[in-house]
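Here's a quick briefing to read alongside the model. Have the viewer open and follow the topics in turn.

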Number of protein chains: 2
Amino acid sequence: MSRANDPKLKSWVDVKPGSDFPIQNLPFGIFKTSTGKPGAAVAIGDFVLDLSLLSKAGLFNGIKFEASVFEQDSLNSFIALGKPITNAVRERVSDLLVIDNAELRDNKTLIAKALLKQSEVQMLLPVHVPNYTDFYSSREHATNVGTMFRDPKNALLPNWLHLPVGYHGRASSIVVSGTAIHRPKGQTKADDQENPSFGPCRLLDFELEMAFVVGKETQLGNSVSTANAGEHIFGLLLFNDWSARDIQKWEYVPLGPFLAKNFGSVASPWIVTLEALEPFKVESPKQEPEVLPYLKFEGKKNYNINLEVDIVTPAGISKTVSHSNFKYMYWNMCQQLAHHTINGCNIQVGDLYASGTISGPTPDSYGSMLEISWSGKNPVQMPDGTERKFILDNDTVVMKGYCEKDGIRIGFGECSGKILPAI
Amino acid sequence: MSRANDPKLKSWVDVKPGSDFPIQNLPFGIFKTSTGKPGAAVAIGDFVLDLSLLSKAGLFNGIKFEASVFEQDSLNSFIALGKPITNAVRERVSDLLVIDNAELRDNKTLIAKALLKQSEVQMLLPVHVPNYTDFYSSREHATNVGTMFRDPKNALLPNWLHLPVGYHGRASSIVVSGTAIHRPKGQTKADDQENPSFGPCRLLDFELEMAFVVGKETQLGNSVSTANAGEHIFGLLLFNDWSARDIQKWEYVPLGPFLAKNFGSVASPWIVTLEALEPFKVESPKQEPEVLPYLKFEGKKNYNINLEVDIVTPAGISKTVSHSNFKYMYWNMCQQLAHHTINGCNIQVGDLYASGTISGPTPDSYGSMLEISWSGKNPVQMPDGTERKFILDNDTVVMKGYCEKDGIRIGFGECSGKILPAI
């Protein structure tokens, strides 16, 4: 366990109770001021700490890397330095922020420039994403979908319990939290229509997901074992995989979802490191039937991360429509990565691997409107008297996630996205 | 029509009859000598012409761009300059190579450095590929697959005639011609097995495809019309979408092909520009039923490009197993791009959009072993007495493509890939 995780640590930066970003978290992101260039930062309380300025001030002198990694518009070069370096940076930042360390605390000139209010900077997508894969790893979600659209008695398809089903998604349209997306247009066909028609999506949905960011590449032909997968995972973020259910229904047989998904997906701006999440590991659900040897694993591979989804109306009226948890995942991240690479597929730094919709066992923990409203049959009642079967124009969907233990809350910030009317 | 396409042009560079690279072609690629750094080149006959050295010698002085675009390990920066510049470069190279132009011809010092034998340089992947999509746009191929695995009377799925079906592929594992790939391992399940088993793929196949390279990006939310699609297409190359049929069968429902495809795909090294292909445009197959308005198009949008596939045994015994043609495509590139972006999905410079297997109407024009051997029922007899249902270890698959008209042959070179035994 990293010393940066010690629950007893306190910072000289004022961190409000309930903040996602205590000194034990220190997630990495890319920020931009209204006048400056993008650069790397760590979140602490309501602030971002500019890593480039700290580096220029010599505060990372004991750690060997080029300071330019902090002066780019993505974290890829920093992440590619590898865990010995990136963990050392996180631990050094922790040391610098500890309440009784005067090095940075008493350097008022540097603090004035390097410690900026989050509310006064813009957060960018933290990584350039070379490849994006979306899994389908929540048993509850796959069961709900199978129950609705196929046979409740055989809700899971034959392969589902044997491998973490996944597909390649679109990297170009992944955007950072706060980016509005226009409702997509496309082909749909109702069951009673002979031919498809064209128009704006009518069944626009969110999918509550988490995604992990690859920190260590492999070469084509090589595989990653479940035991080594952790070395390749830099950290996690929240992910909203916007989905056009009616477009998907018409297009997805036989090659999978395409235009129903690639009009936009939203990532939260802070990557919480795997190391910061270490205290929140939990046992995985029992896997029955037994998986093939390359998918077996030892130890705790799931994470107890509370997840919430709010729908916010155009007038700002909010309702929490889901309380889920990342711990429900049937297939864990190590299994996903082992499966993805068992055929020799190479992975690259910055790759995003999303979990698929994270649904829990009860209706209040379902991770999509498709499930929450049960395909529109049980609309959600909003506090303003309106109802939601799916997402309406100018609604905003806000996802949050956090772990909590020993009085320490390690949070992910927000993954927020608004739907604008179709163009 | 570009003046560089004039069939009457002759070059002072010796171009052998039947060469893929006469002065009317001038495709772009990235090459590397054994001692030098990667850089951009044009192919002429058996030679590559180093564009960086020409630029440093001032031979592009009339065209406004940074010479550094030729000194990179991909063509992305060059392509991103836009067609007014890239076409001007192609036409300027044509002028420089014309038989009666002494500018370059008589500069023996420069020629000695800049005109190198293709056999003495290494070709690299010509573009960094931010996003890769594979379509499924040959009616003959989709019909063959549907006939084999579903119902011969309803071989095409309901959506197939209404939209160009496609899915996202894996960008990281696209390699240049000449790159050997290990036979992938993975899960498969025979119909008479209760549970899947793990091992090397038994039904390894090629897919004869072409891919177009995007030359002009769009912003998220915008669409490209069929009329404007040509502006966004820089050029084309040959593409072998290696496929593990047995892995695909078990994994692909419901989210599409994944590990069956992402262990490697092979691209030819030369991008033939859309402008060089202009003389070879032909009418598209009639589309019935009528397509939705956003998929309608005017003019000739297909290309008459002869395609061939050879299987070469480990001992070097070769057999041509397919003669197909790019003109068979039911959905053309402009429709593919219009469909891909109709929901606002953004495209990026260097994106590859592959056609899907290109099969013609007769068995000798089928574009995969799945179809040629009809799922193994009709093995191909090789000249050495062996037979092929699918691809064996240490076989090499070589794809070629060329247009021919008015005595001018515009070729693509080779897309060659060897299968090594599983690791």
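How many bridges join strand 2 of chain A to strand 3 of chain A, and in which sense do they run? Four bridges link strand 2 to strand 3 (residues 47-50) of chain A, and the two run antiparallel.

Some ground rules: this is a predicted model, where local features need pLDDT of at least 70, side-chain atom pairs count only at pLDDT 80 or more, and totals for chains, interfaces and linings use all residues. Residues are numbered from 1 along each chain as its sequence is written, chains are lettered from A and ligands numbered from 1 in the order in which they are written, and side-chain values use heavy atoms, with hydrogens and water left out.

- Helices (H or I, at least four residues) and strands (E, at least two) are DSSP runs numbered from the N terminus, and two strands pair if DSSP finds at least two bridges between them.
- Val42(A) has Leu49(A) in strand 3 of chain A as its bridge partner.
- The hairpin of strands 2 and 3 of chain A has two residues between the strands, and Gly45(A) in the turn shows a positive phi of about 55 degrees.
- Six of the six residues of strand 2 (residues 39-44) of chain A are buried, so the strand is largely enclosed by the rest of the structure. Buried here means under 20% relative accessible area (1.4 Å probe, protein chains only).
- Both faces are covered: Gly39(A), Ala41(A) and Ala43(A) are buried on one side, Ala40(A), Val42(A) and Ile44(A) on the other.

**Chain A overall**

- Chain A has nine helices and 26 strands.
- Its radius of gyration is 22 Å, close to the 22 Å of the globule rule for 423 residues, so chain A is as compact as a globular protein of that length. The radius is taken over C-alpha atoms, and the rule is 2.2 Å times the number of residues to the power 0.38.
- The C-alpha trace of chain A spans about 70 × 55 × 35 Å along its principal axes.
- Buried residues make up 63% of the 423 in chain A.

**Nonpolar cores**

- A nonpolar core is a set of buried Ala, Val, Leu, Ile, Met, Phe, Trp, Tyr and Cys residues joined through side-chain atoms within 4.5 Å.
- In the largest one, with 153 residues, Phe206(A), Leu236(A), Phe206(B) and Leu236(B) touch the most other members.
- A second, separate core of 50 residues includes Val13(A), Phe47(A), Leu124(A) and Ala171(A).
- Beyond its neighbours within four places in sequence, Leu236(B) is in contact (heavy atoms within 4.5 Å) with residues including Trp270(B), Phe326(B) and Phe412(B).

**How the copies relate**
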